[in-house]
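Welcome, and thanks for taking a look at this one with us. Please have the sequence and the 3D view open side by side as you read.

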Amino acid sequence: LLQACLEFCFAMASDGAAPPTSAAEAPAPADVPEAAAPAESADPQEASAVAMDTTEAAAATEAQAAPEPPKVPEPPKELEESAVDITGPTLKEEVAFNTEDTTMNVMPSQRGNLLMMLTDGGMQYLLAGARANVGMKAGRYFYEVRIVEILDPFDAQGPYSRVVQPRNLLRLGFCTSTSSLFVGDTEDSVGFDSEGHFIHSRTFSAGATQRFGRDQVMGVLLNLDASSPNANTISLFRDGMRVSQPMSLPENLKGKTLFPAVTYRNISLSLNFGPAPKAEFPFKCHMLGKGAMQDLEIAKAKSPKDGKFEVLFPVLLPDEGTFDAVDLFLQQHPDYTELSDRMVLEWCEKSGISRNRGYRWRSSNDKPEMSTGVSELDNFSIRRVLRSIAPAQKRNFVLMEVKSNLLLLERKELLARFAGFKKTAQVMVGDPVNEFKKRTQELILKDKQEKSDTEFKQKQAEEVRKYQAQLKEKELERAAKKAKREAEKKAEEERRAAAGEEAPDQEMKPAEEEEEPDQPMPDPALEKPPVVQLNEEEIKMTFRPTEHPDLSDSTLSSSLNDFTLPDKSEGFESVTFSWNAKAKAESYFKEWKLKKKITTKLEDLKVGEWFNQQSNSWKEQLQTWKNLQAMWKVEGVKKEQEEEPKPMVMDAPADATAPAEGNGEASTEAPQDEAMPPADATDAPAAPAAPAAPAAPAAPGVADEDLDVFGVNVNDVNGTGEPLCSLFALEDWVLLMLRVEFHLMAHSFKKDVTDPERPGIHVDNVPYYYNKYFRKTFLASHYGFESNEKVVELLKDTVSLNQQKVLVPELDEDLDNFDLFLKLTEEGRRERELLIDLGEDEAVLRFNHSVLAALVYGNMGKGYYTKGPGKGLDQKGKGFQGKTWQGKGFDKGYDKGYDKGYDKGYGGGGSWGKSGCGCMGGKPQMGGKKGFNNYGKGYGK
């Protein structure tokens, strides 16, 4: 088509002839061959003319055959009509921006018609927002904005940084008097941006308008005239021409007073509220600056009577309604500006700055990490800027610092910055007022509903997926059935045609079976989320549980001792107690502080010398008892091997089997017994035998029930070398170690912590202090329990918990040795086995052997016990008191040898089994050479 058009235009340009306007003016295609015969023409000029006419005819034919390009739709008819003159009183005051209705980085000119912004210390990444002081409640008015300067501040991220895009931005619109200062950030504002979006409640509708930039006069028209066809709409004009269709106001904004608002970044603005516009509309429209007073509402600037603005220090306890109380105060006092790290973080989020792990995550609410990837924000340079410009601005501040407002020195430092301000401390400690409790219930219900809605949407999405899959499956089944019927019908017709049969009459055809309609299935997409209610426990809550703590554990631990309530002598003009009276608040604060000292971990705890000495002594003693148990097992196995009866082999008498001398016949005489007494002595009475000496009663061993556990020597209970721990299993060693470790930890804490208000270790902090003292991990799940309290119950003879759930040692710290702990453990073992024999299932210990074995036996690399002057436990091995004697694979050799020797021999035909790789291997014991006591390689080493 393009080529034909070009040829046509070239032909027209050649002779200057006008193109044919219709098919009638173009020569007929049938005449072309007759006319295009230059050889038959006598005149060359005539032949040339004929050829040109032929080209023109061909071009005209191609142009006529080409489709016409689509017509551009006409713009919609402008429904806005010219306004009539205002007869009543009009606005006399100048439209401007109150300081409290601007963000802290806005710099207005003296007249207020020029807005600039700060661009230092990270401010260049944040949005600036301002709301005018005159709002519309009726009528139709507009205002104008022009970008007069595009700023390009220094970017520490480099020229190609895409941390914040776009770098230069402008939003124009309207908002309510209490909405956010950022247009489109909440449901209380609406407008357009320079990127061509229509914005409302963080929803960006692309293509709603054209982009705009520098030196263009942008007019924002709000139509609240009920009689207008464009009632309750907002429109955007550029240089007097409409660039957006009238956009309907959201339902929640209809009927409310709306104020002009602008949001910008890295630009300077010139605003015009009237009376005369800089760019006339196609219709007459009044500007806001000369609107009728009956249609407008003026927001008066709040100035203090004495000229001193206030800086308020809220004093609240961590995790007890801190920021909820501040939010309630700001809601009731919108002329106050919050100063806090939380405010800066929320400002970054509203400015579109990305953050690692999102904006919900934070280590603490008071001092959250920025983690934006922008150095000026992450190193809190912006905090320095805010503290510098805050005292220079005429506005009221809420200085929200949870930790700093509870510390005397930091309060004084903050007070010194706000010279010329009225300094007030508002203490909110104790039982909150009813208004705050009501607000708390609303927030708890809101959080619960949001969580329920999120879970419902996830479940609903899965149900919708299944629903659509079922619909598709049924559709495929119906298609398959239909195809099958058609195939059968076609086959039947082919069969009849082949057989020469006539097709049956329509009446004779069997009626086709009609498919039963599918039962309608409910569409899960139409389901609505359930409405949640608060349960009894939630109704009793005084403070809303937060996702993150107000202070980190380390911050609370290091600052808790220095927390105090403010006093007027510090430099405050007034100290108010808004929740409880001063005496009651101070009493509550003291109790809270004592409770927190008990439950808060000490991050800077230093382990004392007493613990180190006791711990070293305990390690040596524990090693000794383990060695004694191992030696006893070795000696006991050897003793059993030595005492096992040898099999008796009866040799047949030689004279009974040998042939008789001479004739070779066997002798029939009975052999004479060599022990037969002489004949002369058989008749004499036998002398009475001397009475045998009575056998000495064997001393009770550990296995005897009558053993007095607390009255024996733990290293040798009966003089045979048997230690009291001879029957200890893994669980017993673990309980013995826990008894001693908890005893030392409880006593050492009292010595290492000099604060008398910290009586001991709270049960919830046991894992932390256990790691602090012993450098080992403590988890209740390793011992088969879900809580630390259950583990402490196993050690009730050594430590216990008081009413405050603090560890209390049951034994004196000045013990001569650790024998008592071994005796308590053995006594506990006996009681536990008795309960198990009686069928008490709760007495069974369900320890995690794979984890606790490493704590008890340590590294199994080159052995466990030490190697010293001797070369074995029986002075034949490779060590007793130096390097470990349980060599390469004590655990492996012991278990493998026992299992293989016992199972393979005893259960498989042998007496006890073939030697494995451990101590319990061996060839048959009952009548064999090597037996039960043949030690394996691992155990011996």
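This is a predicted model: local features need pLDDT of at least 70, side-chain atom pairs count only at pLDDT 80 or more; totals for chains, interfaces and linings use all residues.

Let's begin with the strands. An open sheet is built from 7 strands, arranged in the order E1-E4-E15-E7-E8-E9-E10 with antiparallel pairing. Strand E1 (97–102) and strand E10 (203–206) each have a single partner strand, so they stand at the edges and one side of each has no neighbour in the sheet. From one strand to the next, the twist averages 25°. Within this order, strand E7 (residues 169–175) pairs with strand E8 (residues 189–193) in the antiparallel sense, over 5 bridges.

**Cysteines and burial**

The disulfide count for the model comes to 0, with a pair of cysteine sulfur atoms required to lie within 2.5 Å.

| Residue | Relative accessible area | Class |
|---|---|---|
| Cys-285 | 12% | buried |
| Cys-348 | 0% | buried |
| Asn-365 | 10% | buried |

Asn-365 counts as buried because its 10% relative accessibility is under 20%.

**Around Asn-365**

Where does Asn-365 lie? Its place is the loop between helix H5 (341–350) and helix H6 (375–378). Asn-365 and His-548 are 183 residues apart in sequence, yet their C-alpha atoms are 6.6 Å apart in space. The side chain of Asn-365 also reaches the backbone oxygen of His-548, at 2.9 Å. Beyond its neighbours within four places in sequence, Asn-365 is in contact with several residues, including Phe-323, Arg-342, Thr-546 and Asp-550.

How values were computed: Residues are numbered from 1 along each chain as its sequence is written. Side-chain values use heavy atoms; hydrogens and water are left out. Two strands pair if DSSP finds at least two bridges between them. Helices (H or I, at least four residues) and strands (E, at least two) are DSSP runs, numbered from the N terminus. Axes are lines fitted to C-alpha atoms, for helices over the stretch in contact, and angles run from 0 to 180 degrees between N-to-C directions. Buried means under 20% relative accessible area, exposed over 50%, partly exposed in between (1.4 Å probe, protein chains only). Contact means heavy atoms within 4.5 Å. A polar contact is a pair of N or O atoms within 3.5 Å; within protein, one must be able to donate a hydrogen and the other to accept it, and residues adjacent in sequence count only if both atoms are side-chain atoms.
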